[in-house]
Amino acid sequence: QVQLVESGGGLVQPGGSLRLSCSASSYIYTMGWYRQAPGQQRELVAQITGGGTSNYADSAKGRFTISRDNAKNTAYLQMNSLRPEDTAVYYCNARNLLMRSGIDGYWGQGTQVTVSS
């Protein structure tokens, strides 16, 4: 059983920045964030493997950067140039090989990101 603890959400003005953190209780191969906005489908924002391979949603490319510290079992999501449409609950997700993206694996408790003037 892997437990995830995430932090870093909050209220920020458009154009501002936030940094999310997700710490796992043990090493896990893939870590990333999904987000869920009211009236919207859950979507993958970014993910990164233990080898450093990352992927981003089109809406996040050029604005968000995901990284990880394998020694600390922690992933980070730097979010810059935030827009109101980024407002959502962000959920850290982690999974090993053979686990299904967005379906199973392990989930953080969620952190609210609100982008508003």
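Here are a few questions and answers on the strands of this predicted model.

Residues are numbered from 1 along each chain as its sequence is written. In this predicted model, local features need pLDDT of at least 70, side-chain atom pairs count only at pLDDT 80 or more, totals for chains, interfaces and linings use all residues, and side-chain values use heavy atoms, with hydrogens and water left out.

Reader: Which strands stand at the edges of the open sheet of four strands?
Author: The open sheet runs in the order β1-β3-β8-β7, with antiparallel pairing; strands are DSSP runs of E, at least two residues, numbered from the N terminus, and two of them pair if DSSP finds at least two bridges between them. Each edge strand has a single partner, so one side of it is left without a neighbour in the sheet: these are β1 (4–7) and β7 (64–69).

Reader: Which residue in β8 is the bridge partner of Ser21?
Author: β3 and β8 (residues 74–79) pair in the antiparallel sense over six bridges. In β8, the partner of Ser21 is Tyr76.

Reader: Which residue in β11 is the bridge partner of Leu11?
Author: β2 (residues 10–12) and β11 run parallel, joined by three bridges. In β11, Leu11 has as its partner Thr114.
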